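Hi everyone, thanks for making the time. Have the model open while I talk, and stop me whenever you like.

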Amino acid sequence: MTDHTVKAFTEQLEALASAVAQMGGLAEAQLADAIEAIARRDTARAEAVVGGDQRIDELQQQIEEQALKVLALRQPMAVDLRETLAAIKTASELERIGDLAKNIAKRAIVLNREPPIRLTQSLARMGGQALSQLKLVLDAYSDRDAESAEMVWRQDGDIDEMYNSLFRELLTYMMEDPRTIGPCTHLLFIAKNIERAGDHATNIAEVVYHMVTGGHLATDRPKADVTSQTSVR
Amino acid sequence: MARESAFWIDLRRILWAAAAGLAVGGAVLAWFGSTGIWIAILAVVAAAAVAGAVAGRVRPRAERNAGNGEVALPILSPLVREVLEQLPDPLMLVDAGGRVQFANRAMWGVIGVGVERKLVSSLLRIPKVLEALSRTSASGEAGVAEFVVRVPVERHYQAFTARVASDPPVAMLLMHDLTAVKRAEQMRVDFVANASHELRTPLAAVAGFIETLKGPAKDDAVAREKFLDIMAVEAERMRRLIEDLLSLTRIELNEHVPPRGEVSVEAVVRAAAAALSPLAEADRIAIKVDAPDGLPKVIGERDELTQLFQNLIHNAIKYGRENGQVAIALRQASTTGRRGQDAAVTVSVHDDGEGIPPEAIPRLTERFYRVDVKRSRERGGTGLGLAIVKHIVNRHNGRMQIESKLGEGSTFTISLPAVRNQVDAPVTEVL
């Protein structure tokens with residue numbers, strides 16, 4: 001009888017982690033499609049992203065309910081408790097990423113009505129970096145890999161720097177030709193959304209690190225802001 | 001969970017039949033005495049047949065209860081198993097509960113090792129594939145889904161799902177790699193776009209000078225000399241650009257194909273340093289290579305790794321301080337990945353030039369990105385060196401780190417996985 005109970009508990013935790021991974025996959029797909037919609041001026045794809053956000057919101061509610069059940073019925077301790085908490089927090093961050101993807105897609109629809117701007121390629125690159133961070137951190141969550149999570153956390157600065165660089169480029173572009181102010185402003189908001197998505201990925205990294213080790217990234221390892229560094233892969 | 005080969009299952013069946021037959025036969029004999037011998041024999045045969053049939057159907061349920069509540073799997077014969085293992089395309093079998101029951105070697109490369117009995121939704125996140133799999137599991141209809149994995153290397157796949165009519169039924173997922181096909185298409189388009197964009201300026205300059213020499217400066221010997229010198233420089237720039245573009249195209253075309261050779265990094269680095277020493281001497285820069293003994297070999301393609309380190313060392317010389325030093329250090333390290341601990345070799349190339357401003361660092365590996373366009377053109381840069389390095393690192397499953405502080409120079413560190421001593425990763429057998 002005890003074996004059966006313990007096994008059901010493990011299965012519940014497993015199902016919770018699996019649901020979070022699934023939600024992560026949806027968020028990844030939404031963000032990737034939103035950025036693709038801008039890069040390829042694909043309005044149909046953008047509309048699909050806007051419609052697909054509801055599923056992510058539903059999943060978040062589902063995960064919260066599942067987690068609450070685990071907390072109430074099993075009263076988990078130590079790593080199990082951290083895992084349950086991590087599921088709730090991660091789902092919340094992923095829901096925000098989903099919303100950001102939806103907003104990017106909405107702007108893409110508006111943007112695609114205007115003539116094309118060269119700078120969408122730089123934006124797509126920044127989006128690629130954010131997607132890479134998200135993929136790495138979701139892999140770290142599934143693999144329970146604190147080292148990977150820490151690496152993602154450290155690379156947070158990259159996207160911020162790309163945003164600063166793009167910001168300056170957009171300003172110059174707008175100053176040269178005031179007719180582009182409309183579309184460039186949209187691009188600015190989109191860039192900000194991508195930067196926010198990167199921040200949420202970093203938050204997930206902190207959650208994963210805490211889930212695996214019980215420690216906190218910010219206090220264990222203060223950021224060295226004197227030397228700038230970036231990693232490829 | 002009991003591992004039963006077909007032999008033992010059949011043996012059990014026979015034993016059940018024999019036991020049942022003997023029991024009934026003994027009972028009939030006891031009841032009827034020796035007169036009922038023929039009835040006894042008939043009864044024995046009938047009982048044996050019934051018991052054998054019942055045992056055949058009872059087996060899956062009995063195994064289910066004997067295990068830990070998981071759905072028992074139909075047996076994969078060794079021949080079938082071997083065939084599936086050898087398939088170049090990733091393949092997995094998923095049971096009705098969504099758990100992975102079998103994954104072939106190619107699939108380990110996609111989802112990692114040690115995946116048996118894990119929920120497939122924890123291992124694969126692509127929504128289209130998971131949807132196709134659950135639809136096939138529920139309805140029995142086969143499904144197809146195309147999807148793209150964009151990071152770290154862009155790969156295009158076609159996923160096929162089908163239900164295997166076994167007892168209990170399992171769903172099969174097969175992934176077919178379309179990357180080579182899509183890449184070839186994309187490469188052509190990209191090459192034309194890049195080439196036309198970057199060649200336009202030097203070509204315009206040369207055309208302009210030719211017009212001037214044909215017209216106003218026709219008889220001006222001094223101007224002719226000067227213009228011809230400039231045209232030679234521009235022509236050389238275009239030649240280098242085309243060479244780099246072709247290089248990049250070639251590398252990107254094969255980026256998704258894992259390298260298969262074994263290369264000594266120290267030998268490659270020393271050869272590259274030696275090849276570039278005339279350039280270093282021109283600026284009075286010393287190249288120092290520091291490598292400990294006993295560094296393992298890395299998995300890689302020698303030619304590409306040579307190009308990688310030549311590009312890095314060339315950059316260090318180009319942007320280093322005159323009378324300065326380029327310091328190259330090789331070390332052994334270990335990294336953790338989805339496959340557990342792996343040995344790696346790291347090579348760091350340090351120059352003591354001006355350093356790179358922080359906002360430029362994430363964009364360094366972008367094609368044609370230069371921090372200072374004028375300086376790069378002066379030193380004959382094409383803007384493609386680091387893009388080439390990045391794609392080679394990606395192909396070799398390695399990592400690159402760029403550190404720089406303004407006024408203190410820059411360090412480029414490459415980490416490459418070493419050759420593993422064991423061929424196969426340890427995996428628990430499922431069947």
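This is a predicted model: local features need pLDDT of at least 70, side-chain atom pairs count only at pLDDT 80 or more; totals for chains, interfaces and linings use all residues.

Let me start with a definition: the expected span of a helix is 1.5 Å times one less than its number of residues. Helices here are DSSP runs of H or I with at least four residues, strands are runs of E with at least two, and both are numbered from the N terminus.

Residues are numbered from 1 along each chain as its sequence is written, while chains are lettered from A and ligands numbered from 1 in the order in which they are written.

So, chain A. Helix H6, residues 156–176, has 21 residues and reaches 31 Å from its first C-alpha to its last, close to the 30 Å expected. Which residues of H6(A) are buried, meaning that 20 or more other C-beta atoms, placed from the backbone, lie within 10 Å of their own? They are A:Asp158, A:Ile159, A:Glu161, A:Met162, A:Tyr163, A:Leu166 and A:Leu170.

Staying in chain A, look at helix H2 (43–74) and helix H3 (78–111), which pack at about 165° with axes 9 Å apart. Axes are lines fitted to C-alpha atoms over the stretch in contact, and angles run from 0 to 180 degrees between N-to-C directions.

Now chain B, with 13 helices and 12 strands. Of its 431 residues, 31% count as buried. Helix H11 (302–319) is mostly covered, with 13 of its 18 residues buried. Its end C-alpha atoms are 26 Å apart, which agrees with the 26 Å it should span.

Chain B has a helix pair of its own to show you. The axes of H7 (179–214) and H8 (221–253) come within 10 Å and cross at roughly 180°, which makes H7(B) roughly antiparallel to H8(B).

Last, where do the chains meet? With contact meaning C-beta atoms, placed from the backbone, within 7 Å, 31 residues of chain B are in contact with 35 residues of chain A. On the chain B side, helices H5 (120–123), H6 (127–139) and H13 (385–395) and strand S11 (399–405) each supply at least two residues. S11(B) gives the most, with 7 residues.

That's my tour; over to you!

Terms used. Two residues are in contact if their C-beta atoms, placed from the backbone, lie within 7 Å. A residue is buried if 20 or more other C-beta atoms lie within 10 Å of its own, exposed if 12 or fewer, and partly exposed in between; C-beta atoms are placed from the backbone. Angles under 35 degrees count as roughly parallel, over 145 as roughly antiparallel, 65 to 115 as roughly perpendicular and the rest as oblique.
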